[in-house]
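Please read it with the coordinates open.

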Amino acid sequence: MNTTVFAPWEDPQAKPLIQFQNVTKRFGGFTAIDNLSLDIFEKEFFALLGPSGCGKTTMMRMLAGFEKPSDGHIMLGGQDIDPIPPNKRAVNMMFQSYALFPHLSIWENIAFGLRRDNMPKRDLEDRVEEMLRLTRLEQFARRKPHQISGGQRQRVALARSLAKAPKLLLLDEPLGALDKKLRQDTQFELMDIQEKTGTTFVIVTHDQEEAMTVASRVAVMDQGKLMQVATPDRIYENPNSVYVADFIGDVNIIEGRATANGDETYQVDWAEGQSPLTATSSTGFTNGQSCHLAIRPEKVTISADRPADAINAVQGKVHDIAYLGNLSTYHVELANGTIIKAQSANTRRISRRSFTWEDPVWLSWTATAAVLLAN
Amino acid sequence: MSIKTLTMTAIVALGTSAAFAEEVRVYNWSDYIDEDLLKKFEEETGLTLIYDVFDSNEVLETKMLAGGSGYDVVVPSGTFLQRQIQAGAFQELDAAKLSNSGNLWDVIQERTAGYDPDNAYSINYMWGTTGIGVNVAKVKEALGDDVALNSMDLVLKPENMEKLASCGVHFLDAPSEIIPMVLQYIGEDPDSHDKDVIGKTEEVLLGVRPHIQKFHSSEYINALANGDICVAVGWSGDILQARDRAAEADNGVEIEYHPFAEGSLMWFDQMAIPADAPNPEGAHQFLNFILDANNMAAASNYVYYANGNKASQEFLEEDVIGDPAIYPNDATMQNLYITTPYPAKTQRTVTRLWTKIKSGT
Amino acid sequence: MGRPGLAVMDGHGCGFAGELMRRALLIAIPYVWLLALFLVPFFIVLKISLSDVELAIPPYTPTLDLSQGWAGITDFFSQLDFENFVWLTEDDLYWKAYLSSVKIALISTVLTLLVGYPIAYGMARAPTEWRPTLMMLVILPFWTSFLIRVYAWMGILSNEGYLNQILLWLGIISTPLTILNTNTAVYIGIVYTYLPFMILPIYSSLERMDESLIEAAEDLGCSRLKAFWLVTIPLSRPGIIAGCFLVMIPVIGEFVIPSLLGGSGTLMIGKVLWEEFFSNRDWPVASAVAVVLLLILVIPIVLFQRNQQKQTEAGQ
């Protein structure tokens, strides 16, 4: 195998395309972005993920030039872009509402940005046709935006923002208006187009699944700060905080106190009358330090009897079952009232499933399944 | 509600409708009467007086010709009266109901008979002249101290008008008054109905047109009084009202009225009863009330117009009867002329000429 | 019958005939309205325009004499002719007056647009909580009589009026400006009076506009001004068109403003109509002028209707 993994963020020699240098943005008394630094590299598909109001849209608007940082600087290709107005930046944006010009045809919408650059007529036509082909919109070129479907509009918006071949494309909740099925298809289409054009994409979303699917790296934000910036798998498997663990996917959080129990292994005392749990962690904990244990439900095994070799096992009874089709999530109530979720694949037909409400069950997981977090 | 109050309501309602029958509706020029007289009339006769006003003969005439105006007494000027009589708009007066008609002034009666033969349809209310109102200080500032303020030269000579333009000149918007005036100025018969003769006025008027700010028949009263304009060709009484308003306001504006030295148009406002008047009986009562010497004098003392009532003259205040601007001396009287209405075809020529002069088209 | 609603109606004894009657009545009301308030007056005016002037009450002939029976009716129609319309073509006054009215209407419409657009734009961009208040301020003048407001302008614009006094006091001018009784005053009066008719439709089209469209245009390389020109203006075009028609149509026939604020030289068809009617007592020619005016106005009204219709279709 001689394919190199795309990971410029791990290369200390790589020059970032975008640099946020201690950027703060205040709106009156409200701090939207709080002393934030971040590097984004060329050809990345970078996702800004967070709940509404976390500052992700402000980040994007600062990149587009609609907002200016109150403090700090934003660099694009090594150049400070703070004084550059939006229309002079080699950055294009795809708006959440798509912001298609209703008075112009699809063709003219895509040509709009090119016309501003006074591109020669032939080149302009070629470029628009190319964009129409890329987004499979050829037969809709003469229509007006209100005469096409939501998914088609989304593609027009994409084509229009890509037409000028920007160094950086910003996508503000690009799939928010689409239904789930179309959204999933479009996610792959986006990735495909990103790969074909080699453009750096920064996407803003509140949908963690979407971020995980499309992005090379994800930045989880909360209250104007970056909580964690990492690849989707690291974010999921190795969240660095309870906030990130909780925000990304489903998780069981167990509070307790850590005691060292061998090399990078800790024993967690967590509830009266419950046997301690064991977890490994590369971060050090002092004895008696309060900690959180984060366990993904799919890493918890559910069984009728106590598995003989399980290092962590607790007993409870089935409180609730969420049937998701391919998966079922069991909410199991322990003797002390704690609820722990366990997920198992529905490989059998429903009538033959093993557990039902009020069944006594055992839950177990390995020492490496859980992540031990300081807070 | 008891039966008794119901009956009472019915009686009151009947009473109102009875009072309705005893209304007299008068349609007169605006600012043309002492309003105390209206109250006095109601007290003396027990009639309810409804008093409306207009500010142009044309508006009145259109109401008369449309018919069904609902008025009992109207006040057209001489030429308009004559035409409306021909159209059958008025009813003959019943002399038996006008016991005060002996008060009328024969000098005026002779002249109004030109419009209303034998004065069968109308009585004279007021008469006056069409002349010039000047803001003395401003005109002298523009044209020098020894300018003749009563000459038509002031408003018909372009070199004078050029100097007056900046302080503002208004003319009456009444071709039937201005065209005879210009004819008099150029030595033609002011009452000419000959299209070619009338056409001669065009050149004179176009010569001064650029310096005339507006043709309007009532705005000049306030405009003169406020000092917004310095010269107006207008009706005697209106300009005298402007004079008094300026004096009352004590704004330093001094207005004078002069009949033209070259001869002024004499006009008459006549009271008449429409053919379809709802209450001719009440109308006669109103005319007889106006013919009373004291009442007529009160009206003239208030509006500063001369009237056609000889008996009223002893009750006139000195600043009315003694003012040659209101009651001209004999020499000036000799110089006054009257006009007769234009036939329809000539009227169209006159209106067309007037539009051309006003708008240049 | 599958529709329960109809079954219920039948149950109440409201039969098919009754339903038909009611529907016919419902359709009839707008037609009766149109007939009574537009067509009947129009035909009366048309009839007078085909008559001849006469010194009588009413001042034209013939009048319909029904006591003569059928002979009276045929006699009446035989006396009508188009002489007055021919007359309108013979004197250049009339077409010049029509043209001048259209010119004044066009200029005032452009002026009203220039003044109204920024106001509408400002309103649409104002914080949401201010908008009802701003809207109120635009509509507020309608609460006083139109005539009083025009008279107020006479007080402002006259030689000794407030405007001149302020300008003199500020030392901007040394002699009073003559504004009243000029075309300038007419334009001021028209722009002032008709401004709300321009602002409201433009405002409603701007208010609906998504602000991100402007950002998108800027993002794609437009300066602020260019974005305004390429996006805001085209998107508010239906509002602009509606506003322009709402101003232009009534201004063509305007009489009160030019006669109160204008000089005697302000030539407008409304004034010519007045002169024909009042000075010449020529009701037939006046009616002919009115009929032609109506026909001239039909063109912009039809265009306006079409614009409105297109807008409704686009909205769907």
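Predicted model: local features only at pLDDT ≥ 70, side-chain atom pairs only at ≥ 80, totals over all residues.

The points below take the chain contacts and then the fold of one chain.

1. Local features are discussed only where pLDDT is at least 70. Side-chain atom pairs count only at pLDDT 80 or more. Totals for chains and interfaces use all residues.

2. **Which chains touch.** Two pairs of chains touch, and the pair with the most contacts is B and C. Chains A and B do not touch. Their nearest C-alpha atoms are 45 Å apart. Chain C does meet chain A, through 17 residues of chain C and 20 residues of chain A.

3. **The C–B interface: extent.** Chain C puts 37 residues into this contact and chain B puts in 36 residues. Together the two chains bury about 2,900 Å². Carbon and sulfur atoms account for 53% of that area. The size of an interface is often given as the accessible area lost when the parts come together.

4. Seven salt bridges cross between chain C and chain B. One of them pairs B:Arg352 with C:Asp92, with the closest N and O atoms 3.2 Å apart.

5. Four helices of chain C each give two or more residues to the side that touches chain B: H5 (92-125), H13 (256-261), H14 (269-279) and H15 (283-315). H14(C) gives the most, with six residues. By class, this side of chain C has 18 nonpolar, eleven polar and eight charged residues.

6. **The C–A interface: extent.** Chain C and chain A bury about 1,700 Å² between them. Of this, 62% lies on carbon and sulfur atoms.

7. A:Arg61 forms a salt bridge with C:Glu215, the closest N and O atoms being 2.6 Å apart. Nine residue pairs are in polar contact between chain C and chain A, both residues at pLDDT 80 or more.

8. Helices H10 (212-219) and H11 (224-235) of chain C each supply at least two residues to the side that touches chain A. The largest share is that of H10(C), with seven residues. This side of chain C divides into nine nonpolar, three polar and five charged residues.

9. **The six-stranded sheet of chain A.** Chain A has an open sheet of six strands, in the order S6-S7-S8-S3-S9-S10. The pairing is mixed. Strands S6 (91-94) and S10 (225-230) stand at the edges, each with a single partner strand, so one side of each is left without a neighbour in the sheet. Neighbouring strands are turned by 20° against each other on average, direction ignored.

10. **Inside that sheet.** Strands S7 (168-172) and S8 (200-205) of chain A run parallel and are joined by five bridges. A:Leu168 stands opposite A:Thr200 in S8(A). Helix H4 (150-162) of chain A lies across S6, S7 and S8. H4(A) runs at about 175° to S6(A).

11. **A hairpin and a further strand.** In chain A, S11 (252-260) and S12 (265-269) run antiparallel, with four bridges between them. A:Thr259 has A:Gln267 in S12(A) as its bridge partner. The two strands form a hairpin with four residues between them. In the turn, A:Gly262 has a positive phi of about 115°. S12(A) also pairs with S13 (277-280) of chain A, in the antiparallel sense and over four bridges. There, A:Thr265 stands opposite A:Thr280 in S13(A).

12. **Salt bridges overall.** Within chain A, the side chains of A:Arg127 and A:Glu130 meet in a salt bridge, 3.4 Å from N to O. Both residues lie in helix H3 (121-134) of chain A, three residues apart, about one turn of the helix.

Technical notes: Residues numbered from 1 in each chain as written. Chains lettered and ligands numbered in written order. Heavy atoms only, no water. Contact = heavy atoms within 4.5 Å. Buried area = accessible area lost by both parts, 1.4 Å probe. Salt bridge = Lys/Arg side-chain N within 4 Å of Asp/Glu carboxyl O. Nonpolar A, V, L, I, M, F, W, Y, C, P; charged D, E, K, R; others polar. Pairing = 2+ DSSP bridges. Axes fitted to C-alpha atoms, helices over the stretch in contact; angles between N-to-C directions. Polar contact = N/O pair within 3.5 Å; in protein donor to acceptor, adjacent residues only side chain to side chain.
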